[in-house]
Amino acid sequence: MINPSAIGWIDKFFIKQKHSHQPEMVDANLFYKNVRNTGFFYGHIISFETAHPIDSTGLFKDEISKIALLNSLFGIYILNFKDKNPEKFIQNAVDFYNKMNPQGFNLFKKVLPNSSNSNKLEKIIDERVQTNTNLINKSFSNVVTNALLFIDVLAFQQYLIHGDIPEKYFRNIEETIVSLITLALKTKVNKSKHDDLLIKLFEASVRYSKFSKVDFQNLEILKLDYFSNDLEKYYLVDIAGLALWSDGIIEKEEAYFLHTLADIMNVPDSFVKDSIESTHEFISKHKKEIPYFNYSNPVKNFYDQTTEVVVKLINRNKKRLIKEISESKELMILLAYSTTRDLDKSEKKKVRKQLLDVCKSIPSLTIFLLPGGSLLLPILIKFIPKLLPSAFNENLDIE
């Protein structure tokens, strides 16, 4: 299994794919639709378009996003160069990101000079999947990762074609997307409770733009002729369609907006129809799992998200946990008792202290030692016995 939180995951990714038959990527339209079908554009990735299947079970959302970004960058590289050499791709990707050095955001600030190119790319991708949390409140930042990751893929294509990134490319496309979403939402007949959240989602993902207070009234004001590549145009149509879908239906006025947008950019009506159908099908099927459609109760959402993180950490470190906890007979007994009755104040204090000692010995669990980490301990205490029943139930008899 690939673990994108561990060093060397990119090399492991390509070792896995190297021995699988990879068909030639000769059609940009097919590449685009395949990426869209994975959920990459919607912020909810359900699959990867790879020759060798990748199991995402147990991965965190940001880890899934890392794999999706790497795979999409590699796909656009193959599309443009007809070359599947991982080393050449990684070198091109690192060179591409090295061109990007926006004010206050240094992609290589955490990368050691003597790191391998694959390790450098791992660090860069780790930075890219994060949101710009300064633009939104912290509670909201817990439910999203970067919603504009496909912009990197579009910019990488520009780099591969021209050997450079067009001046102000990132700022132009970010501003166009957020302005386009704002215009699309103004077009909506029925406003949705998700509209403002969707705006926050995309504003949280920008890194290069400082938005003015200019109130765009129509599509003609946007400088859409700046985007000449078909993939750029398709993406803008899809993003606008995503904004319009948030109430679950595309009204006639909203469909007209999308067709007008497509007409301005010389995108065929057939693509607009396909875009509307694909967006509706995907979100209808996965709406319950997409964060910004399920934010009506922030407290519950935060608890659910936090619980998911804790459970995955327990699963990943199951063997080590059993070993460390089993060395303390008292802790074993108290955790077993916690499944059948409430522990008293003294017992809870003992469990807390001993569990923190266990967490110190397991690097992945040091999250519980950070400020505020103690608030997660009740979740840890609750799920350890449930996930490891054979280890703890046997100790109910120890006395």
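## Basis of the description

Helices (H or I, at least four residues) and strands (E, at least two) are DSSP runs, numbered from the N terminus. Asn266, for example, lies in the loop between helix 11 and helix 12 (269–286).

The model is a predicted one, in which local features need pLDDT of at least 70 and side-chain atom pairs count only at pLDDT 80 or more, while totals for chains, interfaces and linings use all residues. Residues are numbered from 1 along each chain as its sequence is written, and side-chain values use heavy atoms, with hydrogens and water left out.

## The chain as a whole

The protein chain contains 18 helices and zero strands. Of its 399 residues, 51% count as buried; buried means under 20% relative accessible area, exposed means over 50%, and partly exposed lies in between, with a 1.4 Å probe and protein chains only.

The chain exposes about 20,100 Å², and carbon and sulfur atoms supply 52% of that area. Such areas come from the Shrake-Rupley method with a 1.4 Å probe, and for residues only the protein chains shown count as cover. Among contacts in the chain with a separation of 6 or more, 73% are accounted for by residues 24 or more positions apart. Contact here means heavy atoms within 4.5 Å.

Two packed helices are described by the angle between their axes and the distance between the axes. Axes are lines fitted to C-alpha atoms, for helices over the stretch in contact, and angles run from 0 to 180 degrees between N-to-C directions. Angles under 35 degrees count as roughly parallel, over 145 as roughly antiparallel, 65 to 115 as roughly perpendicular, and the rest as oblique. A crossing is left-handed if the near helix is turned anticlockwise from the far one by less than a right angle, and right-handed if clockwise.

Helix 1 (residues 9–18) packs on helix 3 (residues 61–81) at an angle of about 55°, and their axes are 12 Å apart. Helix 1 and helix 3 are therefore oblique to each other, and their crossing is right-handed. Helix 1 contributes Trp9, Ile10, Phe13 and Phe14 to the contact, and helix 3 contributes Lys66, Ile67, Leu70, Asn71 and Phe74. By class, the contact of helix 1 with helix 3 has seven nonpolar, one polar and one charged residues. In this classification Ala, Val, Leu, Ile, Met, Phe, Trp, Tyr, Cys and Pro count as nonpolar, Asp, Glu, Lys and Arg as charged, and the others, Gly among them, as polar.

Helix 3 also packs against helix 7 (residues 150–162), at an angle of about 30° with the axes 9 Å apart. That angle makes helix 3 roughly parallel to helix 7, and helix 3 passes helix 7 in a right-handed crossing. On the helix 3 side the residues are Leu69, Ser72, Leu73, Ile76, Tyr77, Leu79, Asn80 and Phe81, which meet Asp152, Val153, Phe156, Gln157, Leu160 and Ile161 in helix 7. The residues of this contact divide into ten nonpolar, three polar and one charged.

## Helices 10 and 11

Helix 10 (residues 230–245) and helix 11 (residues 252–264) pack at an angle of about 165°, with 10 Å between their axes. Helix 10 is thus roughly antiparallel to helix 11, and the crossing of the two is right-handed. Leu236, Val237, Ala240, Gly241 and Leu244 in helix 10 meet Glu254, Phe257, Leu258, Leu261 and Ala262 in helix 11. The contact of helix 10 with helix 11 has eight nonpolar, one polar and one charged residues.

Ile249 lies in the loop between helix 10 and helix 11 and is partly exposed, at 42% relative accessibility. Leaving aside neighbours within four places in sequence, Ile249 is in contact with Leu244 and Glu254. Ile249 and His280 are 31 residues apart in sequence, and their C-alpha atoms are 7.9 Å apart in space.

## Other loop residues

Lys82 is found in the loop between helix 3 and helix 4 (86–98). Its phi is near 55°, a positive value in a residue other than glycine, and Lys82 is partly exposed, with a relative accessible area of 45%. Asn266 likewise has a positive phi, near 60°, in a residue other than glycine, and Asn266 is exposed, with a relative accessible area of 65%.

Lys223 is located in the loop between helix 9 (195–203) and helix 10. Lys223 is exposed, with a relative accessible area of 68%. From C-alpha to C-alpha, Lys223 and Thr176 are 7.8 Å apart in space, and they are 47 residues apart in sequence.
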